[in-house]
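Have the viewer open as you read.

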Amino acid sequence: MGNHLGKETFSRTNWDLNPISLSSAIYSHCNGVVDFISNLTIIAIILLAVSSSSQKVKTAHKLKAQTSKIVSSFKGPTVSCSLVREFTGHKDGIWEVNVARPGQPIIGTASADHTACIWSIETGRCLLQYQGHTGSVNSIRFHPSRDLVLTSSGDQAAHIWQAAVNWDLPKAHSSEEELDTCEKSEDMEVCEGTPNLRTPLCELVGHNGVVMAADWLPGGDQVITASWDRTANLFDAETGVTNAFTVRHILLTDNKVSNIARG
């Protein structure tokens, strides 16, 4: 009963004889247990935080990978483009370019320099220059089946003209000899040897403002024009006479179309 078991172990005699020391020892033991439990709790919290952070990082990487796959699925095939041919000759900006009907390897350009040009797609050579307008040429359209061209202009008119081109013209500049036969004048960018046309086959008049667009109706027998005077006119392509069809837009002060009258 009286054997000494160490500072932290007490016999029945010590318990009975020294309750204060026993209480102090028990208190010390309890504090140690509390500290141990607290340390375990802190470690557990740290482990949970690390695990949560790791999980978030994994989730973020996974979402990033999935997003990359989704974005890459929308990417089309890589296309490389290069300049094939340049068509130069106008003195001012080009408002529109148009391609002729199948079988005719030519294009047309409408320019603010008051001219329209017909170009060879194969050579880049200007085959014909139309100089009949007195204002900016705003649009150009080829006839669906005939060698005719329709242009609209800032001179308040649309013209129909013959697009008969000379395919035997020299090709685009490729030698000094060709340059000698195609010198440029001071006021014209297109080669002097290029044929030019000044007189239309038919002049379509009737607008009181700039004619911004003109096009052939199916079949090519009629032409429709659109102007800044808020009207669209229908013309007979052979006679140039305006048919009894005019669309006039009446505008409100807030620039919204309120009514369309025909007559």
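Setting aside neighbours within four places in sequence, Pro 200 is in contact (heavy atoms within 4.5 Å) with Tyr 130, His 159, Ile 160 and Trp 161. This is a predicted model, where local features need pLDDT of at least 70 and side-chain atom pairs count only at pLDDT 80 or more, while totals for chains, interfaces and linings use all residues. Residues are numbered from 1 along each chain as its sequence is written, and side-chain values use heavy atoms, with hydrogens and water left out.

Pro 200 sits in the loop between strand 8 (196-197) and strand 9 (202-204); strands here are DSSP E runs of at least two residues, numbered from the N terminus. Pro 200 counts as partly exposed because its relative accessibility is 21%, and that class runs between buried (under 20% relative accessible area) and exposed (over 50%), using a 1.4 Å probe and protein chains only.

Now hop over to His 159: it is 41 residues from Pro 200 in sequence, yet 6.0 Å away in space, C-alpha to C-alpha. His 159 belongs to strand 7 (residues 158-162) and, at 3% relative accessibility, counts as buried. Its contacts beyond four places in sequence include Tyr 130, Cys 202 and Glu 203.

Zooming out, four strands make an open sheet in the order 5-6-7-9, with antiparallel pairing; two strands pair if DSSP finds at least two bridges between them. Strand 5 (137-142) and strand 9 are the edges, each pairing on one side only. Five bridges join strand 5 to strand 6 (residues 148-153), and Val 137 has Ser 153 as its bridge partner in strand 6.
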